[in-house]
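Let's take a walk through this protein together, from its overall plan to a few side chains worth a look on your screen.

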Amino acid sequence: MQRRSLPVTAALATAAALLLTACGSGDEKSSDNDKIAGADQGTETPSKTPEPSGAPAETKPDGVDVSLPKDMNLVFDWEKPKDENEAAAMDDAANYVRAIYRGVDKRTTEDAALAAYATGDGLHYAETQINEWIKGGWTGTGTRRHYDATTRSAPNGKSVEVAFCADTGKFYGKEIKTGKVLKSEPSLKDFNYYKVIMTKYPTSKGLWQASQVFVETEAEKCQ
């Protein structure tokens, strides 16, 4: 089925929810020698304790349910680094993204997954995104692909920058009331580049939380 163009007002409203924009920053430029943003930042205690649920074990990392509906497919097409901390941080960066879209699906910013995998500015960013979807009356459907991931550890070992591309060209908003899927023509707006600062949670050996998020929208390098 051929995609159709949305009216300008609808397209702008949909873009506000479908494209995760930068939290407190513009387009990010960096090199391997750059200092990791938030590298000396501590972590905060989650606002609520993650509660177990009835999800299968594979959808419950750290005992937290990050399962999503079948029509909301988040693909993480990347290889784990050899460093144990960086691998764990990368896994939980993916769980952070899942937690955001689980909040979109559940229509809440109070889900245990978000409390587990987000803190500080990372939590604020996630809540803002979820609330945009809720305000628009949308949920998500389709496939959102994440790829070309890299990791960098801070010297203190407490933070890891997880950077990756995302292709939202086949991920759409869907009106809750009508079930209508909002599609748009493929464009550079489908490609974003993320830097998520993952901070080690002090009382858990393997849990990492997103403490800051930086996004370069319309990222040509991700095409």
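Does D65 count as buried or exposed? At 10% relative accessibility, D65 counts as buried, because the cut-off for that class is under 20%. Please keep in mind that this is a predicted model.

**The overall plan**

The protein is built from 4 helices and 6 strands. Of its 223 residues, 46% count as buried. The accessible surface comes to about 11100 Å², and carbon and sulfur atoms hold 49% of that area. If you look at contacts with a separation of 6 or more, 74% of them are between residues 24 or more positions apart.

R102 counts as buried, because its relative accessibility is 8%.

You will find D111 in the loop between helix 2 (84-106) and helix 3 (112-117). With a relative accessibility of 15%, D111 counts as buried. Leaving aside neighbours within four places in sequence, D111 is in contact with D65 and R102. The side chain of D111 also reaches the backbone nitrogen of A113, at 3.0 Å.

**Salt bridges elsewhere**

The count for the protein comes to 8 salt bridges. In general, side chains of opposite charge can pair when their charged atoms come close.

| Salt bridge | N to O distance |
|---|---|
| K174 and D71 | 3.1 Å |
| K221 and E216 | 3.2 Å |

Salt bridges that share partners join D65, R102 and D111 into one network.

Now for K174 and D71, whose side chains meet at 3.1 Å. K174 lies in strand 3 (residues 159-175) and D71 in the loop between helix 1 and strand 1, so this pair ties together parts that are 103 residues apart in sequence. D71 counts as partly exposed, at 32% relative accessibility.

Strand 1 covers residues 72-77. In a regular strand the side chains alternate between the two faces of the sheet. Here the covered face carries M72, L74 and F76, and the uncovered face carries N73, V75 and D77. Strand 1 pairs with strand 2 (residues 138-153) in the parallel sense, over 6 bridges. To find your place in this pairing, look for M72, which stands opposite G142 in strand 2.

In soluble globular proteins, nonpolar side chains tend to be buried together. The largest nonpolar core in this model has 43 residues, and those touching the most other members are Y96, I100, Y101, L114, V162, V196 and M198. At least two residues each come from strand 1, helix 2, helix 3, helix 4 (120-136), strand 3, strand 5 (191-200) and strand 6 (208-217). Helix 2 gives the largest share of this core, with 11 residues.

Not counting residues up to four places away in sequence, V162 touches A89, M90, A93, T150, T151, Y194, K195, V196 and M198. There is also a second, separate core of 7 residues, which includes Y147, Y193, A219 and C222.

One more stop: N95, which lies in helix 2. Is N95 buried or exposed? N95 counts as buried, because its relative accessibility is 4%. Its side chain makes a polar contact with the side chain of R98, at 2.7 Å. Apart from neighbours within four places in sequence, N95 is in contact with P61, V66 and Y117.

Terms used: Residues are numbered from 1 along each chain as its sequence is written. This is a predicted model: local features need pLDDT of at least 70, side-chain atom pairs count only at pLDDT 80 or more; totals for chains, interfaces and linings use all residues. Side-chain values use heavy atoms; hydrogens and water are left out. Buried means under 20% relative accessible area, exposed over 50%, partly exposed in between (1.4 Å probe, protein chains only). A polar contact is a pair of N or O atoms within 3.5 Å; within protein, one must be able to donate a hydrogen and the other to accept it, and residues adjacent in sequence count only if both atoms are side-chain atoms. Contact means heavy atoms within 4.5 Å. Two strands pair if DSSP finds at least two bridges between them. A salt bridge is a side-chain nitrogen of Lys or Arg within 4 Å of a carboxyl oxygen of Asp or Glu. Accessible areas come from the Shrake-Rupley method with a 1.4 Å probe; for residues, only the protein chains shown count as cover. A nonpolar core is a set of buried Ala, Val, Leu, Ile, Met, Phe, Trp, Tyr and Cys residues joined through side-chain atoms within 4.5 Å.
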